[in-house]
Amino acid sequence: AQDAPSSIFMSIPPTNDELKTHGTAPLPHNLYARERIDLSGSWRFLVDPVERGLRNQYPRYTIPRDEKQQPLGGLLVEYDWDSAPAITVPGDWNTQSNPRLFWYEGLAWYRRHIAAPAQLAPGQRVFLYFEAANYRSHIYLNGEKLGVHEGGFTPFAFEVTGRLKAIGANSLVVGVDSKRQFGNVPGSDADWFNYGGITRPVWLVITPGSFIQHYSLALSEHAGREIITATVRLDGAHSADAAVTIRIPELKLETIVRTDAQGCATFKLFPAPGALARWSPESPKLYAVIIATDTDRIEDRIGFRTIAVRGDDIILNGRSIFLRGISIHEERIGIREDDGGRKLDWNDARRLLTEAKALGCNFVRLAHYPHSEKMTRLADELGLLVWSEIPVYQEDIPYTDPHTLKLARRMQSDNIARDQNRASVIIWSVANETPLTSARLAFLRTLIADARAQDPSRLISAALNRSPNGSDREIVIDDPLGEHLDVLAYNTYIGWYGALSPADIPSVTWRTIYHKPLLLSEFGTDAKCGTRGQKESRWTEEYQAWFYEQTLAGASRTPWIKGLSPWILKDFRSPRRFRADYQNYWNRKGLISETGERKQAWQVLHDFYTNNDNPP
Ligand code: GCB
């Protein structure tokens with residue numbers, strides 16, 4: 001059943017509950033395979049730092065959320081969309097042409113006109129679909145509120161069936177508020193730039209009355225037999241007791257199942273012995289999969305592989321694998337220093353992942369939030385295993401607040417639903433560097449239980465960095481969360497933060513109380529590209545290269561380390577990085593600069609990943 005679009009107006013101050021998502025509709029899954037209208041391009045844009053547009057106590061004509069025109073001799077209207085500056089959607093507002101918006105964090109309004117889709121067949125439905133907007137979005141259609149969405153990195157949709165005027169322009173107004181706040185996810189203090197705005201594409205998606213809202217397929221093995229299990233969920237009238245067909249033509253598989261009263265159908269498909277070519281980084285085979293009902297038909301390209309842990313090994317398709325990875329933020333490689341920004345077209349996404357391939361990677365950690373769907377689709381195509389993460393980040397989260405938990409759960413379930421058919425994704429990570437409190441443990445255990453229920457086919461991890469018993473020279477993996485994870489992951493900066501130097505790394509010992517695989521999910525040092533000097537001198541490329549040599553040698557000596565995702569592929573913008581001489585608000589831990597130039601440490605990691613004796 002779908003939520004009815006709501007037309008609630010917001011009062012000031014909003015209660016905590018009202019701030020959370022409401023009015024959103026079930027997401028039509030696999031957006032890219034659907035009939036859709038692109039709403040990218042030039043929108044009108046108004047900056048509203050005093051949040052006038054969210055207040056109701058003023059006359060409506062001062063509030064830029066619909067299309068009041070100044071009448072001759074009538075009441076004053078103090079906004080005018082047609083003369084408002086233009087902005088490009090998708091894209092953050094910080095790095096577009098207006099330099100005065102670089103540090104802006106707050107509310108801004110977007111407006112564009114949309115035409116109703118021409119010639120809808122009877123019963124067809126229309127959804128307004130946002131791939132992402134950072135951070136809180138207030139959506140108005142022809143002056144009526146559709147709803148609110150909270151969270152900067154996951155998709156959301158509103159059903160607008162019957163709400164678009166067939167003739168003339170419809171006014172779509174979107175208020176996006178990028179303010180950082182305790183209680184948000186992430187909270188108010190993160191080590192990446194808070195790019196605001198409609199950062200990913202917006203679409204009108206057209207579906208039949210009853211449509212394939214979601215499906216997921218996964219490969220498993222029972223008693224030596226391969227089984228593809230699938231579930232399909234229909235939405236809309238006549239979704240119960242409907243026939244659903246799944247076909248994988250290349251494997252000559254076809255099965256029909258009828259949906260239950262909830263519109264769900266579960267399938268088992270049995271590939272002929274030896275027929276299925278497994279997806280792997282070396283051979284990222286994807287199969288055309290067709291799902292059809294009487295009214296809908298959708299096609300996807302899906303890879304099949306198994307992933308598991310056995311003792312301290314990670315097992316891909318039955319074989320132990322070492323994850324040769326790199327961490328990546330969603331920020332494109334710029335042409336100039338003032339470029340970059342949170343807007344990835346297909347080429348930008350391909351460029352980031354191609355750089356990872358060039359390093360010799362088979363794995364990427366997409367940090368610290370769900371990246372654009374382009375990234376996971378391309379990872380499927382290029383053969384890169386993926387760690388996917390939600391922004392439950394460090395201590396700046398109220399782990400006792402039920403609203404925050406609800407928000408994090410929603411983010412995670414939207415992220416899993418979106419990428420559940422990507423063979424590349426092997427790990428869902430619930431958090432990064434969180435405190436050792438019981439409230440945090442309970443919070444993360446809920447997320448872990450959710451992820452396992454929603455997707456039993458993948459591994460669960462979290463990036464840890466604390467221990468009740470460790471010290472500078474002894475890393476102890478005994479965080480109680482470890483008990484609940486399939487794969488342990490640890491961020492280490494010995495030789496950068498603190499007093500120790502890379503020379504001390506060989507004397508550092510590692511100990512774990514768990515018999516589980518461990519990833520070094522982060523390690524790195526800041527080096528400004530082109531800054532050269534003695535290896536003992538911080539901020540130089542030499543220091544960073546030396547740190548990598550020492551850390552990689554240490555990792556090779558620890559047999560239960562089963563993968564690495566050093567920090568990080570590319571220098572990225574961060575409000576925490578104040579040193580004007582080296583940083584200038586860039587975190588300089590990239591192996592390549594913000595414009596893609598390689599530093600010395602790039603070569604060190606590349607040699608480690610491509611030397612056949614190494615890694616284990
Ligand atoms: C960390 C964080 C990451 C930071 C990095 C750094 O431990 O997980 O988000 O960017 O360290 O550079 O300090």
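## A loop residue with positive phi

Gln-119 sits in the loop that runs between strand 4 (107–114) and strand 5 (125–130). In this predicted model, phi of Gln-119 is near 50°, which is a positive value in a residue other than glycine. Most residues other than glycine have a negative phi. Gln-119 has 6 other C-beta atoms within 10 Å and is therefore counted as exposed, the limit for that class being 12 or fewer.

A second case is Trp-539, a residue other than glycine whose phi is positive, near 75°. Trp-539 belongs to the loop between strand 29 (518–522) and helix 6 (541–556). Trp-539 has 18 other C-beta atoms within 10 Å, so this residue is partly exposed, since a buried residue would need 20 or more.

## Domains and the contact between two of them

The domain assignment divides the chain into domain 1 (16–207), domain 2 (211–295) and domain 3 (322–610). The centres of domain 2 and domain 3, taken over C-alpha atoms, are separated by 33 Å.

Arg-297 is found in strand 17 (residues 297–302). When residues up to four places away in sequence are not counted, Arg-297 touches Ile-290 and Ala-292. With 14 other C-beta atoms within 10 Å, Arg-297 is partly exposed. Arg-297 and Leu-488 lie 191 residues apart in sequence, and their C-alpha atoms are 40 Å apart in space.

## Two cis peptide bonds

Most peptide bonds are trans. The bond that joins Val-185 and Pro-186, however, is a cis peptide bond, with omega of about 0°. Pro-186 is located in the loop between strand 9 (170–177) and strand 10 (202–207).

The peptide bond from Ala-367 to His-368 is also cis, and here omega is near -15°. His-368 has its place in the loop between strand 22 and helix 3, and His-368 is one of the residues that surround the ligand.

## Surroundings of the ligand

Which residues surround the ligand? They are Asp-191, His-368, Asn-432, Glu-433, Asn-491, Glu-522, Trp-567, Asn-587 and Lys-589. Taken by class, this shell around the ligand contains one nonpolar, four polar and four charged residues.

## Helix 3, a mostly covered helix

Helix 3 (residues 373–382) is mostly covered, with eight of its ten residues buried. The buried residues of helix 3 are Glu-373, Lys-374, Met-375, Thr-376, Arg-377, Leu-378, Ala-379 and Asp-380. These buried residues pack against helix 2 (346–358), strand 22 (363–366), strand 23 (385–389), helix 4 and strand 24. Just after helix 3, Gly-383 takes a positive phi of about 80°.

## Helix 5, with one buried face

Helix 5 (residues 438–454) has 17 residues, and the distance from its first C-alpha to its last is 24 Å, close to the 24 Å expected at 1.5 Å a residue. Within helix 5, the buried residues include Phe-443, Leu-444, Leu-447, Ile-448 and Ala-451. Seen down the axis of helix 5, the buried residues fall within an arc of 135°, and therefore they line one face of the helix.

On the other side of helix 5, Ser-438, Ala-442 and Ala-453 are exposed. The partners against which the buried residues of helix 5 pack are helix 4 (402–419), strand 24 (425–432) and strand 25 (459–464). Helix 4 and strand 24 are also among the elements against which the buried residues of helix 3 pack.

Where do the buried residues of helix 7 fall when the helix is seen down its axis? In helix 7 (residues 600–610), the buried residues are Ala-601, Trp-602, Leu-605 and Phe-608. Viewed down the axis of helix 7, these residues fall within an arc of 135°, so they line one face of the helix. The buried residues of helix 7 pack against helix 6.

How values were computed:
Residues numbered from 1 in each chain as written. Predicted model: local features only at pLDDT ≥ 70, side-chain atom pairs only at ≥ 80, totals over all residues. Near = placed C-beta within 6 Å. Nonpolar A, V, L, I, M, F, W, Y, C, P; charged D, E, K, R; others polar. Helix = DSSP H or I, 4+ residues; strand = E, 2+ residues; numbered from the N terminus. Expected span 1.5 Å × (residues − 1). Arc of directions from axis to C-beta. Contact = placed C-beta atoms within 7 Å. Domains from an automatic or database assignment.
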